[in-house]
Amino acid sequence: MILRARKNAYTRITTGLAAALAFTAVASGLLGGTAQAYEVESGTFAFSGDAGEYISAGQSYSYTDGEGSQDGMTVQGYTTSDGAGTGVGVFVDSANGDTWSLHLEAPWGPSQPLVPGTYTGAKANPAPGEPRIELRGNGRDCLAEGSFTIRSVEFATHGYVKALDASFEQHCPGATESVRGEVRLTNPEPPAETVLGLQVAADGIADRGTGKAVVHGTVTCNSPVTVESYGTVSQTVDGSTARGSYRTQVACVPGEPTPWTAQATPTGSVPFQRGEATVIARTTGTDPFYGHTITADYSGLLQLAKK
C-alpha cells in the first residue's frame, strides 16, 4: 500500500465536526500542531454496543485496512508545542458508506503525553485534568463519557502515529448501555520531511525604464512542493535608499534547482540603479505530507546592471 495523506476520507468524516475539533485543539493546548490525517498501512477497528446503545444503535461493526481492503482507515496525531504525542484520532471511511471517528487523548491543562495505561473519567468535552474519549459517526454523536486503555502507542515526528493498540468503552450521558471496541494499526517509518533550499543569484538588473530591480535565483527541495519566494532588495543611491519587495510562486521539482525570476518595485521615489545592492529573501511552503510550514532563508549582496 502506498502511504499517503488521504484527505477524501478525512474530509467526509469531519464534515460538520470542524468547529468541535478546532475547539478541542485549542482547549487542549495542542499548539504544537495537529497532523494531517493519512492512510494507515494496516489496521483493524471494531466495536459493538449493548442493545439500545445510541451511538452503535446496538449493532456491531468491524473494519480492516490493508492490502486488498476496500475499507479506508486514516489516523491523525495530536502534539504539544515540543512535539510530544498527546492523542490520536482514527477515522473510518468504509466501502459500505459507514463513516466513524474515534478520539483518544491524554488529560490536558497542561497537555500530557499519551502513554500506555488505563485512562478513566474520559469525556468527549473534558475539563482540565480529564482525558478525552469520543466515538461518533453515521450521523450519531453525544457528549460521551467512558474510559480507554492504551496497550501500546508510538509517535514519530510531527504527530506521525507509527503504531497504536487500544481498547475503549463509552456511554452517552445518563445511559447505562455502553459501546466497547478496539483499534490496532501499524505504519512504516515516517516519510522524510520536505527540506527547502534558496539561492539568489549574484547578478541582477536595474531597469532604467521602470526603476525596478530584476532578481533571480533557484529553489531546491527533496519532494514536489509549490512555494512562495519573496524578499526585499535595498540599495544606497547618492545618499538615499532605494528599497523594494518582490514575491513569486515556484513549483519546485526535486533533484534539480528550480529557477525563478521576480521584480522588486521601489516603494519611494528613488529608483534602483547600477551597482551593489543587498537582498534578504525567504522561500516558504507547506510540507505535502505533514502539513507544517517549511522555510529557507538567504541574505547577501548582488550587483545590478543597467538595462
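**Disulfides in the chain**

A: Start with the count: this predicted model has 2 disulfides, taking a disulfide as a pair of cysteine sulfur atoms within 2.5 Å.

Q: Remind me, what is a disulfide?

A: A disulfide is a covalent bond between the sulfur atoms of two cysteines.

Q: OK. Which cysteine is C142 joined to?

A: C142 is joined to C172. The S to S distance is 2.2 Å.

Q: Where do C142 and C172 lie?

A: C142 lies in the loop between β9 (132-137) and β10 (145-155). C172 lies in the loop between β11 (161-171) and β12 (179-186). So the pair ties together parts that are 30 residues apart in sequence.

Q: Left-handed or right-handed?

A: The C142 and C172 disulfide is left-handed, because the torsion about its S-S bond is about -90°.

Q: And are C142 and C172 buried or exposed?

A: C142 is buried, and C172 is buried too.

Q: Switching over: what does C221 pair with?

A: C221 pairs with C252, with 2.2 Å from S to S. C221 sits in strand β15 (residues 213-221) and C252 in strand β17 (residues 240-252), so this link ties together parts that are 31 residues apart in sequence.

Q: What about the torsion of C221 and C252?

A: It is -110° about the S-S bond, and the link of C221 and C252 is left-handed.

Q: Why does C221 count as buried?

A: Its relative accessibility is 9%, and buried means under 20%. C252 is buried as well, at 4% relative accessible area.

Q: Last one: what pattern do the disulfides follow along the chain?

A: The pattern is 1-2, 3-4, counting bonded cysteines along the chain.

Notes. Residues numbered from 1 in each chain as written. Predicted model: local features only at pLDDT ≥ 70, side-chain atom pairs only at ≥ 80, totals over all residues. Heavy atoms only, no water. Helix = DSSP H or I, 4+ residues; strand = E, 2+ residues; numbered from the N terminus. Buried < 20%, exposed > 50% of the residue type's maximum accessible area, 1.4 Å probe, protein only.
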